[in-house]
Amino acid sequence: MRTNVVFLTSANLLTGEEAYAEHAVCYLEEFFLDEDTYMAPHLNYAQALLGICSGRGIGIIDTLHLIDVVFAIEHLKASPSMTDEIYKGLKRWFASYLGWMLTSENGIQEMNKDNNHGVCFFAQAAAFARFTDNERIAQFCRDYYKTGLLKQQAEDGSFPRETGRTKPYNYSIFVVDNMVNICQILSKPEDNLWEYENPQGRSIKKALEFILPYIY
């Protein structure tokens, strides 16, 4: 769904052809709004283990790519196919899902993870808060980026919980990628996370300085 919606939205933006937008909106309706096919706005059963647990907080990372979907929806807002009713319905879905993330046992557990899972939680919360015009939660995410997420970073800009894994290169890129997402989504002129440095000298700039030599 995410891939099709994003590609179709991109095709609409590039060509101006309404058929692409119309098809993207069909995917969105079926996945988020249609009574017979929609996904409930929670992940109670994500990454369940048969006979052990019905769902786990770490499963919330599975909706990471819905970040792309909310940006696609905003682009599709100009399309005749994206009616006001559909647009408002999509906002309600994401508001409900964000509320579940922030208040459920699984959500709170994931929010407090001190590795890439915590970062991905806040990347999602930031995007969904922006989409649903929830500035209070957006500010909560900004504050936690400064006081919580940057604590995962070492003095040299690395993320030890990722460099200590069996695939340190992949996980290091992944966590920095999502720290970048947070900075891009939440920065504003009076609170620019790209420029922020905490009292211990940790920042997104230091994270990029650490990882870029390994990429290039």
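Buried means under 20% relative accessible area, exposed means over 50%, and partly exposed lies in between, with a 1.4 Å probe and protein chains only.

The model before you is predicted: local features need pLDDT of at least 70, side-chain atom pairs count only at pLDDT 80 or more, and totals for chains, interfaces and linings use all residues. Residues are numbered from 1 along each chain as its sequence is written, and side-chain values use heavy atoms, with hydrogens and water left out.

Let me begin with the core. The largest nonpolar core holds 61 residues, and the members that touch the most others are Leu-28, Ile-73, Met-82, Phe-94, Phe-128, Tyr-145 and Ile-182. At least two core residues come from each of several helices, among them α1 (2-15), α2 (18-33), α4 (84-103) and α9 (168-186). Helix α6 gives the most, with 11 residues. Helices here are DSSP runs of H or I with at least four residues, strands are runs of E with at least two, and both are numbered from the N terminus. As a general background, nonpolar side chains tend to be buried together in soluble globular proteins.

Met-82 illustrates the packing. Beyond its neighbours within four places in sequence, Met-82 is in contact (heavy atoms within 4.5 Å) with Val-25, Leu-28, Ile-73, Leu-76, Lys-77, Tyr-87 and Leu-90.

I turn now to helix α4. Its 20 residues should span 28 Å at 1.5 Å a residue, and the end C-alpha atoms are 29 Å apart, which agrees; the expected span is 1.5 Å times one less than the number of residues. Its buried residues include Ile-86, Gly-89, Leu-98 and Met-101. Among the elements that cover the buried residues of α4 are α2, α3 and α7.

Which aromatic residues form one cluster? They are Phe-31, Phe-32, Tyr-87, Trp-93, Phe-94, Tyr-97, Trp-100, Phe-128 and Phe-131. The structure holds 15 aromatic pairs. Rings of Phe, Tyr and Trp (its six-membered ring) pair if their centres lie within 6.5 Å; planes under 30 degrees apart count as stacked, over 60 as edge-to-face and the rest as tilted. Trp-93 and Phe-94 make an edge-to-face pair, at 4.9 Å centre to centre and 70° between the planes; both residues are buried. The ring centres of Tyr-97 and Phe-128 are 5.9 Å apart and their planes stand at 55°, so this pair is tilted. Because Tyr-97 lies in helix α4 and Phe-128 in helix α6, the pair ties together parts that are 31 residues apart in sequence. Tyr-97 counts as buried at 0% relative accessibility, and Phe-128 is buried with a relative accessible area of 0%.

Two charged ends also sit over rings (NZ of Lys or CZ of Arg within 6 Å of the ring centre and within 35 degrees of the ring normal). Lys-91 lies over Phe-131, 5.8 Å from the ring centre, and Arg-165 over Tyr-171, 3.7 Å from the ring centre.

Leaving out residues up to four places away in sequence, Ile-137 touches Leu-98, Leu-102 and Ala-129. Lys-146 is also found in α7, and is buried at 17% relative accessible area.

Notes:
Core = buried A, V, L, I, M, F, W, Y, C linked by side-chain atoms within 4.5 Å.
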